[in-house]
Structures are given as structure tokens and as C-alpha cells.
Amino acid sequence: MQNSNIDAQYIKDRKKVSSLILNVLTQKMSVLDALKDYPRNLADPTLNAAFHALVHFEADEDLRNSDVLYRDEQDAYLEDIANILSDGSALPYNIIEEYNKYHKESLIYPNIDRKTVFKRLKKMINL
């Protein structure tokens, strides 16, 4: 019974992320707002990879503005991710592993507050 509850939550969270990504792509929502509303499910590797994809989307703003082909490719990639997640499916292993190569742990923090922000900053600057 417990596993079915977890699976149901994963499906619900993935569908929500699909909607968030599509809202970003259609400019109904900023990336920052999408990340604020992002599910705090740290255990789902699919949600972690999709989170990374959204963060990269935001970080690549200058490149997206100067390179139309890059922008179109990145938009199509995010749309593919949203389409996979739209029915609650997991992302393919290769997509998840692409992000895991560079990020060993989730970028998603369960709570955004002063303590977690300082913890992240300390880790990033190796204090």
C-alpha cells in the first residue's frame, strides 16, 4: 500500500512539472516562478533531472538570445521532457544520467529558507 502512495505522488509531481515547463515555454510563467512552485520530491531522479533542465534554461539566457538554433533546440528538448512527464512517466535513463554526471546530488532543497540558502552558498564556495 505504501509503494502505491509513493508512485501516485511521483505521477502527480511529474504531471505538475510538465505543466510548469510548458508554462515557461509559453511565457505564462518565469523560470523563477516555476522553480518556486516546483515539487520538493528529492527522491525522484526524474524530477531532479527536469529541475536541472529548467535551471539550465534560465542560465543559458544570453546564449539563447544570440543563437536561434540553440534556443530552438533547447525549447524542443524541454518540450520533449514536458511531454514525457505529462502522463506521469519517468524520464529515460540516458536523460537522467546526463544530469547526474555533473550533479551528484539534487539541486532541489526541501525548504527555501535562510538556513538552506546559507548551506548551499557555503557548499558552492567551499567554506
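## Terms and model

A residue counts as buried under 20% relative accessible area, as exposed over 50%, and as partly exposed in between. By that scale Asp-72, at 40% relative accessibility, is partly exposed. The structure discussed here is a predicted model, and the values below are to be read with that in mind.

## Overall architecture

The protein contains seven helices and zero strands, so that its pattern along the sequence reads α-α-α-α-α-α-α.

Among contacts in the protein with a separation of 6 or more, 60% are accounted for by residues 24 or more positions apart.

## Salt bridges between elements

Side chains of opposite charge can pair when their charged atoms come close. The structure holds four salt bridges, including one between Asp-37 and Lys-16, whose closest N and O atoms are 3.3 Å apart. Because Asp-37 lies in the loop between helix 2 (31-36) and helix 3 (45-59), whereas Lys-16 belongs to helix 1 (residues 2-25), this pair ties together parts that are 21 residues apart in sequence. Asp-37 is partly exposed, with 35% relative accessibility, and Lys-16 is likewise partly exposed, its relative accessible area being 34%.

Another salt bridge joins the side chains of Arg-64 and Asp-75, with an N to O distance of 2.8 Å. Arg-64 is part of helix 4 (residues 61-66) and Asp-75 is part of helix 5 (residues 68-85), so the pair ties together parts that are 11 residues apart in sequence. As for accessibility, Arg-64 counts as buried because its value of 10% falls under the 20% cut-off, whereas Asp-75, with a relative accessible area of 22%, counts as partly exposed.

## A pair of sequence neighbours

Asp-72 also takes part in a salt bridge, in this case with Arg-71, and the closest N and O atoms of the two residues are 3.9 Å apart.

Conventions:
Residues numbered from 1 in each chain as written. Predicted model: local features only at pLDDT ≥ 70, side-chain atom pairs only at ≥ 80, totals over all residues. Heavy atoms only, no water. Helix = DSSP H or I, 4+ residues; strand = E, 2+ residues; numbered from the N terminus. Contact = heavy atoms within 4.5 Å. Buried < 20%, exposed > 50% of the residue type's maximum accessible area, 1.4 Å probe, protein only.
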